[in-house]
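Subject: Structure handover

Hi,

Here is the structure I promised to pass on. Could you open it alongside this email and follow along?

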Amino acid sequence: MQDTAGVMQSSKLDEVQLRGELKRLRAQIPDNPSLNPILNVAFDLSRRLEEGQISFADLKGLAGGLMDRACVRRARQLRQKIGYVDQATTLSDFMKYVEKTATESGGKIEAFADRWSRARTGIVLTAHPTFGLSDALYKRMVEIAVADPESTDVAIGLPHRPEPVMTLQYEHKCAQDAIKNLRDAYEELLHGYYSVAARIYGEAAYKVRPKMTTFASWIGYDLDGRTDIAWTFSFQVRLLEKRASLTDVRERFIILKHKLGEGDAAQRVARQITGKLDLAIAAVDEQLKALDGIAADASQLAAAANVITKVDGYNLLSTEPLTVLFSNLIDVVQAPQMKRAIAALAGLVDATGLGTSHIHLRINALQLNNAFRAYVHEPWTRDLTESQSLARIVEMIRTCPRESVNFATLDLETATAIRQFALTAQMQKHIDKDTPIRFLIAECESPATVLIAVFFAKLFGVEGITDISPLFETPSGLENGSRIIGRLLEEDTYRDYIGGRKRMSLQTGFSDAGRFIGQISATLAIERYYHDIADLVRKSNLTGIETLLFSTHGESMGRGAHPGDLPTRLHYVFSDEARRRFADSNLPVKHETSFQGGDGYMFFGNRALTTRALATIIMDGEVPAAEVDPFYVEQNLSLDFFLRLRAFQQSLFAHDGYRAVLGAFGPNLLFKTGSRPVKRQGDHSSDRGNPARMRAIPNNAILQQFGYIANVVAGLGTAVGNDRDRFAKLARSSKRLRSLLGMIAHGKTLSSLNAMGANASVFDAGFWASRASWGREPALQGAFRALATYLLPDDRQGAINELVHHLRLDAIDLHAILEDQNIEGGKIPDENRLELDLLQAIRLALIMRIFILAAQLPRFTPQDGLSHAQVLDMALGLDIPEVVAIMRKAFPHSLKAEASGFNEQATYRPRGIDDYGRLETEILEPMEQSYEFVREIGSGISHHFGAFG
């Protein structure tokens, strides 16, 4: 059913006619192999635009309608991914699941309580820069997701762009909005849990404290790749979260309190609860006020610290006083519905601690290693991979002294990693002494790094609440990750540490791994790592130790998210086979998954969607039924498939054309979608196209924008090799392999090599020379000649076209393999792909306009060391805001009104007024206008892919 979302189209531009033109041109390709339908349509639009046959407003209206429809489809796909029907269905499904676990417990409450004694799943909200849309547009999409899916009268009425200013505070606000919905949903599901449990076990059920799942956030605590987060900010954020949590619990309890009745015993306990919460909130308010004093005057640190650290009994440091009172209240109230409500609130407090959620601190392995070198200050720390270095670190852990810290310590410490451990100590002492804190170590590639973290945790006395979690995300890290963990498990100091925590925490990164070795081979590498971990844990006899696996991935296919529904996505990143390998050896395992930036937060955009998503994630903790998947039996074939696919992607990663795609416009093609830098620390603009220096999100976003997500769809033919019949037979019978092929196929239905080739055409000197040579656009002949001359030595178009040819040959095999499996791979574009191709053509016409305007920029005296040629180069790289600023500085245009009221007459009028005014109105303003809409169309393109980057 076709949606009517969109703005009015100009009669000069007929969308149906243009889509038909794309189809007609595509049909001619067999007889004209060099024909590119997207380029042809873009060129026609460009020429009509420059001749005045159509206007910018006409193009904007056409593109607006296309983007609105894509946005509506994306919103409805969100509903399908989450599996939302209605709230009653969500609660019914969840309560049936709880009843099933009770049946499996043999009717014994002890076994039932044990089944729910630990969380088997977890949610982590991260601040990855995928806040690609405005709050208003995210809200509108959520409204559409929960509305009648059959409605055809759906309007958007909003621009497709992010918030104008991205700050860490804004990202934290977005995460806390999602967490608020998670808290509501968690309590609602607890009501369902206790309804079932009480019906089976009676009043004893209300004393069971189920750990259904966990949710956590690292916004405000992630220092990997950024230096703009002070310890004061992180500490203040944690206090604000504590206050929000206490206030939330109080508000929920006050509603209950009014329903308790007049019984003396119940009212007495209720007054104790509200009194304790009121005093705790007042204590936090006093601490926050003291911190505000530091922001105003850094010399007030000591005075503020003394307020925060004073011992007066009001500052609540543990949930235990509250949960004990809740338990007492359950005993004295009579009504079952009140017992259930109090038990549900107690369960929420127990699950989240004194904050709104759990938190993760994150640093980089390099930061940790460098901090250790500075702390020890001895030559042997130069090479931490040596056996003797490892032995010395182990001895340091064994003989570790205890150091105390205060807020002066935090302020004086210059080593980021050490300061984060000291911050953990202060949070433990003054905010929450019980709730665990995850300590993530990005890009970990050595067992020494993990042991260094254990040393610092022990040094500052936080090893009891800190879960140290190495992140394996680089090719080297994934290849050696199991060996690193195996080496750690040989050390008693490490075994003692995880024994104390009852947990070994590990993290894998799908995004960066997929950037380096391709997404499919990264998925397989991570799965192989999980298999190895299960084997290691079994052999290591880690009795009573839970293995915590945190799969960090984004919302797009290029960053590890399967395009299917939520259960499919969860079983894609943590496969049935990996789950069974832990279960077959009776190894307790917990799987956490990330939801990143604004795109990921839409899963928790309102209470209804959140409750469905949360219920699904909780129910995902079950062990899959026994099954033999031939993908794991045919080990040689599976291994060869993985190795060949990884090699293909690594060669692609090094291809000059791949670098040209990433560097042609770089992130200038995109809106800024987060507060974190696009490039890694130490980056330089001279290597803009170097994928090793670019973060995974802009890397993937640029591939989406250029039209071909090569790190997902490329390399299948090479990976299959010569034994295609054997592979085909395996694919028909392997559930796991078909899920991988499904990911590739869906990515291919959205990918177009014509789009990639078309986007490169603006760097082709021949394209501009041809426009000049025919003489049909005489007014612009000078601009065309200038562009052709300037681009003659430019190799971007040639390199990208070489990549296109390489990928087209690969796509021949890809389509043959998919067709053999009866899997649709988009060989013939559907209507959605045609809309995407038309968006590409409209945007390309606007990029052509920017190039044409750039070629007409007047020459000027070098500004800030930049020549006219350098400014032109910046414009062709779409660094338009900088170009416009430079030109306005070189040619200042005064907006003063015409001089009047002077008795003395003048015949001369300064010529520069008109010249500078024409530069502003005829070049700079249209350039800015076009560029802003080029980026907005980029948001529309991302709708088709379901996520930014």
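First, the ground rules. This is a predicted model, where local features need pLDDT of at least 70 and side-chain atom pairs count only at pLDDT 80 or more, while totals for chains, interfaces and linings use all residues. Residues are numbered from 1 along each chain as its sequence is written, and side-chain values use heavy atoms, with hydrogens and water left out.

**Salt bridges**

A salt bridge here is a side-chain nitrogen of Lys or Arg within 4 Å of a carboxyl oxygen of Asp or Glu. By that rule there are 67 salt bridges. For the burial labels, buried means under 20% relative accessible area, exposed means over 50%, and partly exposed is in between (1.4 Å probe, protein chains only). Helices (H or I, at least four residues) and strands (E, at least two) are DSSP runs, numbered from the N terminus.

Start with Glu-835 and Arg-73, whose closest N and O atoms are 3.0 Å apart in a salt bridge. Glu-835 sits in helix H38 and Arg-73 in helix H3 (residues 56–82), so this pair ties together parts that are 762 residues apart in sequence. Both ends are buried: Glu-835 has a relative accessible area of 2%, and Arg-73 has 16%.

Arg-888 and Glu-920 also pair up, at 2.6 Å from N to O. Arg-888 is in helix H40 and Glu-920 in helix H41, so here the linked parts are 32 residues apart in sequence. Arg-888 is partly exposed at 31%, whereas Glu-920 is buried at 11%. Salt bridges with shared partners also join Glu-15, Arg-19, Lys-23, Arg-69, Arg-73, Glu-831 and Glu-835 into one network.

Asp-44 is partly exposed, with a relative accessible area of 29%, and Arg-48 is buried at 19%.

Leaving aside neighbours within four places in sequence, Glu-936 is in contact (heavy atoms within 4.5 Å) with Met-67, Pro-159, His-160, Arg-161 and Phe-671.

**Helix packing**

Axes are lines fitted to C-alpha atoms, for helices over the stretch in contact, and angles run from 0 to 180 degrees between N-to-C directions. Angles under 35 degrees count as roughly parallel, over 145 as roughly antiparallel, 65 to 115 as roughly perpendicular and the rest as oblique.

Helix H1 (residues 15–28) packs on helix H2 (residues 37–51) at an angle of about 135°, with the axes 9 Å apart. H1 and H2 are therefore oblique to each other. The contact is made by Leu-18, Glu-21, Leu-22, Leu-25 and Arg-26 of H1 with Pro-37, Ile-38, Asn-40 and Val-41 of H2.

Helix H20 (residues 510–517) and helix H27 (residues 635–653) cross at roughly 80°, their axes coming within 7 Å. That makes H20 and H27 roughly perpendicular to each other. On the H20 side, Arg-515, Phe-516 and Ile-517 meet Arg-646, Gln-649, Gln-650 and Phe-653 in H27.

**Positive phi**

Most residues other than glycine have a negative phi. Two exceptions are worth a look in your viewer. Asn-586 has a positive phi of about 55° and is found in the loop between helix H23 (576–584) and strand S8 (589–596). Leu-878 has a phi near 60° and lies in the loop between helix H39 (868–876) and helix H40 (880–890). Asn-586 is exposed at 69% relative accessible area, while Leu-878 is buried at 0%.

In helix H29 (residues 696–706), eleven of the eleven residues are buried. Just after H29, Gly-707 takes a positive phi of about 100°.

Thr-593, in strand S8, is buried at 2% relative accessibility. Not counting residues up to four places away in sequence, Thr-593 touches Gly-122, Ile-123, Val-124, Phe-550, Ser-551, His-553 and Leu-570.

Cheers
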